[in-house]
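Subject: Two-chain model for you

Hello,

Here is the structure I said I would pass on. My notes follow below it.

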Amino acid sequence: MSEAQQNTNGAERSLSLEEIFEQRIANDEKIEPKDWMPEKYRKTHIRQISQHAHSEIVGMLPEGNWITRAPSLRRKVALLAKVQDEAGHGLYLYSACETLGISREELYEQLHSGKAKYSSIFNYPTITWADMGAIGWLVDGAAIINQVPLCNTSYGPYARAMIRVCKEESFHQRQGFEIMMTLCNGTEVQKQMAQDALNRWWWPALMMLGPTDDVSVHTEQSMKWKLKRKTNDELRQQFIDQTVPQADILGLTVPDPDLKWNEETGHYDFGEIDWDEFWQVVKGHGPCNKERMNARVGAWERGTWVRDAAMAYAEKQQNKKENQAKAV
Amino acid sequence: MKTNLYNYILELADNCLIAGQRLGELCGHGPSLETDIACTNISLDLFGQTRSYFQYAADIKGEGATEDSIAFLRYEQEYKNVLLVEQPNRDFAFTMARQYLYDVFHLLLLEKLQFSQDITLSAIAKKSIKEASYHVRFTGDWIKRLGDGTEESHEKMQAAINDLWTYTNELFEVTEDAKIMVAEGIGVDVSTLKEAYYEKVSALLEEATLTIPESKYFQKGGKSGIHTEHMGYLLADMQYMQRAYPNMKW
């Protein structure tokens, strides 16, 4: 066989691998870590899964801010458990990401250097107890809308992680709504606290569903790989349609004067989102970007000697075992 | 009201409450995701135990008392926790040492409390033993890792043990309320736990290549409500909502 033929055959083989791969995705088969996958698929998944994992652990911070001040023991325990769930989500999402051939250290490095992004919503401050309710209700609510379709995404480890994540998120959302409900059934001060939280979190929650379809850069490819099933604008509309009646139940006013039910479309019309604010926060200039990064980098750096010690100890124990084995 | 029993329950529960509060401060800031999750677990267990104790104490107290009024609406000198558990999270070695020095005591206490003549306390103890056994295993493992890890971690762990040692003796002080509860077969005579405690702790410190402090000077006061300077800040934080927004449901 001549060299030219070999090259041609080689090219054919790689082409057919890709075809088989696309076929499998079209048939709703799961792609597993050891399966062949195009480099772009691997990279896109590392980007998205790690971004998701980073969001979970950065997302621990705004809520962690209220653990020591939670107003009752029941709320304190629920909040601690919720933040712990987020750490757990981070853990299995990092593990899912590691199956694509990248280490947790590298992923942290990308987060700490600013190369990797996390959900911008966590760059907003939690300044009252009602924010614990609003985050559960709105932020987890928007997250679920983003994430439920991912339970059927093509990459097996991610899809399986998301099934568990979504179950817990929907529990968190109910818990958040229940906090809001308690406030809204409470005193005037508590109602004001709830309304103020809705005022501050409403628009950032809408922004969580991502930029509008005309500027979203990843949508087309992601739809093909089932990393996405609906466009950002469709998801946003779904979130609004679902959440506005809940605000009505709470007796709160959604801070959008243009919000109104549209009989013809069967959806709510809503006002203009301030995309300048969105991009400002995404680019690192939100109210708490620096605090969040400092907290993450700080925890990691302060933990270096602890992790080193754990490694050193494990090595000593291993050596002891080996020496004992030799002695026998 | 059974005042001695009420006070005795607070003595048991306040340690759980304050230790849990200290660990809760770290949630999201640990040296790794795994330690973060584990410390939160311990904190959750301790708050769970606190709630069982306080719900019982609220029944005894009556007058509309609740687990929350007991947890959040007392003055500093009415908290009966030992000084050890209120010490701040200076670094991870300090946190693990503080928790370990409490956990060893806590497990020994629960193992006796399960035989209390008071069925509620006995039930709480039985349920908590499993949790406390895990706590002491987790923190004990970290004492070993840090003590026998690197030179830096050894130094930090030794410094933590040296500083916290002064608060260990208070664990074995028997208060007037406890004396009465012991006589009634309800309470545990903590002075009898002392020998086993120092034996266990010393054995682990040795295994961790750490030096057992020789100091004979100890601090006490927590059990009678005289706390360290750290306590006021901890309470200011913990009581903030209940104090700023009194008489509301959350």
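Chain A has 12 helices and 2 strands. Helices (H or I, at least four residues) and strands (E, at least two) are DSSP runs, numbered from the N terminus. From the N terminus, the order in chain A is α-α-α-α-α-α-α-α-α-β-β-α-α-α.

This is a predicted model: local features need pLDDT of at least 70, side-chain atom pairs count only at pLDDT 80 or more, and totals for chains, interfaces and linings use all residues. Residues are numbered from 1 along each chain as its sequence is written, chains are lettered from A and ligands numbered from 1 in the order in which they are written, and side-chain values use heavy atoms, with hydrogens and water left out.

**Chain A**

Chain A has 328 residues, and 53% of them count as buried (under 20% relative accessible area; exposed is over 50%, partly exposed in between; 1.4 Å probe, protein chains only). Take the contacts (heavy atoms within 4.5 Å) between residues at least 6 apart in sequence: 77% join residues at least 24 apart. The side chains include 39 positive and 46 negative ones, where Lys and Arg count as positive, Asp and Glu as negative, and His and the chain ends are not counted. The centres of the two sets lie 8 Å apart, with each charge placed at NZ of Lys, CZ of Arg, CG of Asp or CD of Glu.

**Chain B**

Chain B has 10 helices and 0 strands. Its radius of gyration is 18 Å, close to the 18 Å from the globule rule for 250 residues, so chain B is as compact as a globular protein of that length. The radius is taken over C-alpha atoms, and the rule is 2.2 Å times the number of residues to the power 0.38. The C-alpha trace spans about 55 × 40 × 30 Å along its principal axes. Of the 250 residues, 62% are buried. Chain B carries 24 positive and 37 negative side chains, with the centres of the two sets 4 Å apart.

**One residue to look at**

B:Lys80 sits in the loop between helix 3 (67-72) and helix 4 (83-86) of chain B. B:Lys80 is buried but has no salt bridge (a side-chain nitrogen of Lys or Arg within 4 Å of a carboxyl oxygen of Asp or Glu). Which side chain of opposite charge is nearest? B:Asp177, at 5.0 Å. Beyond neighbours within four places in sequence, the contacts of B:Lys80 include B:Glu11, B:Asp14 and B:His227.

Best wishes
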